[in-house]
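Keep the structure open as you read.

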Amino acid sequence: MSGVRVLVGTRKGAFVLTSDGKRQEWDVSGPHFAGWEIYHVKGSPADPDRLYASQSSSWSGQVIQRSDDGGQSWEPVDNKFSYDGVPGTHQWYDGTPHPWEFARVWHLEPSLDDPDTVYAGVEDAGLFKSADGGRSWQELAALRGHDSGPSWQPGAGGMCLHTIILDPATPGRMFAAISAAGAFRSDDAGQSWTPINHGLQSEGIPDPDAEVGHCVHRIAMHPSRPSVLYMQKHWDVMRSDDAGGSWHEISGNLPTDFGFPIDVHAHEPDTVYVVPIKSDAEHFPPDGKLRVYRSRTGGDDWEPLTNGLPQEHCYVNVLRDAMAVDALDSCGIYFGTTGGQVYASADAGDSWGPIVRDLPAVLSVEAQTLP
Amino acid sequence: MIRVVLPAHLRALARIDGEVKLDVAGQVTQCSVLDALEERYPMLRGTIRNHDGGKRRAFIRFFACEQDLSHQPPDTPLPAAVAAGAEPYLIVGAMAGG
């Protein structure tokens with residue numbers, strides 16, 4: 001029977017959760033890199049034993065770890081993320097120019113077909129690539145060098161490049177999202193980029209046609225239908241049917257359209273999941289009820305999923321990289337909370353249970369389906 | 001022989017137990033000690049001082065012989081007791097964060 005490995009990054013270390021295909025009994029390994037912030041851990045689609053982890057701390061900066069045995073052992077690889085050329089400036093919160101300064105790696109996205117190739121999204125927003133298994137990193141500088149770059153401003157959590165999506169059907173096409181610059185698409189493997197924010201409406205941006213400046217929280221795509229993108233924006237859940245050329249709102253009957261993660265069922269491209277959060281000031285679920293919302297219609301029509309989730313006194317948040325799906329026949333859904341719980345559903349969200357309850361605040365969750 | 005003490009999180013990263021003992025050629029300065037340390041433990045590069053320019057990271061401090069050496073120029077000779085191996089050179093994570 002195939003199995004699942006769930007990779008969890010937390011404020012104080014990484015955890016690896018494994019189970020067989022039933023997903024009822026779990027083995028918990030960790031903390032790995034105890035005491036360090038683990039923003040993201042992700043495995044290579046081409047080799048599930050190859051993992052990459054972003055390890056950082058305010059004391060000692062960035063470390064990248066690599067595993068070649070599914071997380072049993074780790075090796076630090078290169079941690080030098082130098083912006084290409086003279087970094088220049090972006091806008092600071094007060095509108096003044098601010099030098100681009102590397103802070104940390106938010107997201108690691110391994111190539112779809114080469115375990116040694118991996119992309120890193122960093123704060124201050126930039127995209128890096130390694131073609132040697134993390135032993136060296138080079139910036140794909142055209143993104144940060146876009147004409148709009150000097151006008152980008154950080155969101156409250158920093159100016160982070162947090163989403164990288166590789167299109168499995170169109171060679172060279174990739175997507176990136178930055179808070180609070182917006183979404184971008186490249187059709188030439190990162191050599192040039194186009195802002196793809198048409199149709200986004202953001203309070204605080206007076207120009208309804210603003211090319212950049214939108215606080216995109218997360219984008220998701222189903223690999224069988226890569227022209228359709230789903231987005232959780234700061235406020236609003238959005239959909240594009242033309243690879244980001246334009247967006248329309250699909251918030252529909254959600255109790256609130258603020259939130260962070262969004263993901264798609266592994267086998268149903270129109271089944272989408274979000275976790276509504278009350279507001280940008282109150283980062284917890286409405287009414288103290290932790291509810292995942294599922295749309296089986298590609299948006300607009302949403303149903304709350306509550307079976308097994310706390311329905312009173314729950315005031316946790318679910319961060320943008322903290323939801324994932326597995327690819328087993330009955331799709332598994334996973335998410336982690338700032339309260340340290342990792343919840344799993346082995347039946348596409350119909351019922352839930354905690355794998356672990358008391359980890360440090362969860363920053364990221366990824367799921368690997370093992371052969 | 002120079003004795004260097006690292007904070008726990010960097011000992012874990014470099015898989016070091018206890019003190020590090022380094023041979024440092026030439027004058028013993030903060031820069032030459034850190035150069036030798038990073039030569040032996042490359043995974044420490046960028047974690048004590050920045051890759052670009054070698055500036056001390058903000059929440060890392062350098063102590064020796066009951067003195068705070070954090071603000072001294074990197075080429076300043078370390079105290080004779082450190083150079084002789086009688087006293088360790090302490091790399092300390094500042095008491096900050098959570």
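A residue counts as buried if 20 or more other C-beta atoms lie within 10 Å of its own. Keep that cut-off in mind for chain B. The model is predicted.

**Strand β1 of chain B**
- This strand covers residues 2-5, and its side chains alternate.
- Ile2(B) and Val4(B) point to one face and are buried.
- β1(B) runs antiparallel to strand β2 (residues 20-22) of chain B, and three bridges join the two.
- In that pairing, Ile2(B) has Leu22(B) as its bridge partner.
- β1(B) also pairs with strand β5 (residues 89-93) of chain B, in the parallel sense, over two bridges.
- There, Val4(B) stands opposite Tyr89(B).

**A sheet in chain A**
- Four strands form an open sheet in the order β3-β2-β1-β30, with antiparallel pairing.
- β3 (27-32) and β30 (362-370) of chain A each have a single partner strand, so one side of each is left without a neighbour in the sheet.
- From one strand to the next, the twist averages 15 degrees.
- Strand β1 (residues 3-10) of chain A is joined to β30(A) by eight bridges.
- One of the residues in this pairing is Val6(A), whose bridge partner in β30(A) is Ala367(A).

**Where the chains touch**
- Chain A brings 13 residues into contact with 14 residues of chain B.
- Strand β6 (residues 61-67) of chain A supplies three residues, the largest share of chain A's side.
- That side of chain A has four nonpolar, eight polar and one charged residue.

Definitions and conventions. Residues are numbered from 1 along each chain as its sequence is written. Chains are lettered from A and ligands numbered from 1 in the order in which they are written. This is a predicted model: local features need pLDDT of at least 70, side-chain atom pairs count only at pLDDT 80 or more; totals for chains, interfaces and linings use all residues. Two residues are in contact if their C-beta atoms, placed from the backbone, lie within 7 Å. Ala, Val, Leu, Ile, Met, Phe, Trp, Tyr, Cys and Pro count as nonpolar, Asp, Glu, Lys and Arg as charged, and the others, Gly among them, as polar. Two strands pair if DSSP finds at least two bridges between them. Axes are lines fitted to C-alpha atoms, for helices over the stretch in contact, and angles run from 0 to 180 degrees between N-to-C directions. A residue is buried if 20 or more other C-beta atoms lie within 10 Å of its own, exposed if 12 or fewer, and partly exposed in between; C-beta atoms are placed from the backbone.
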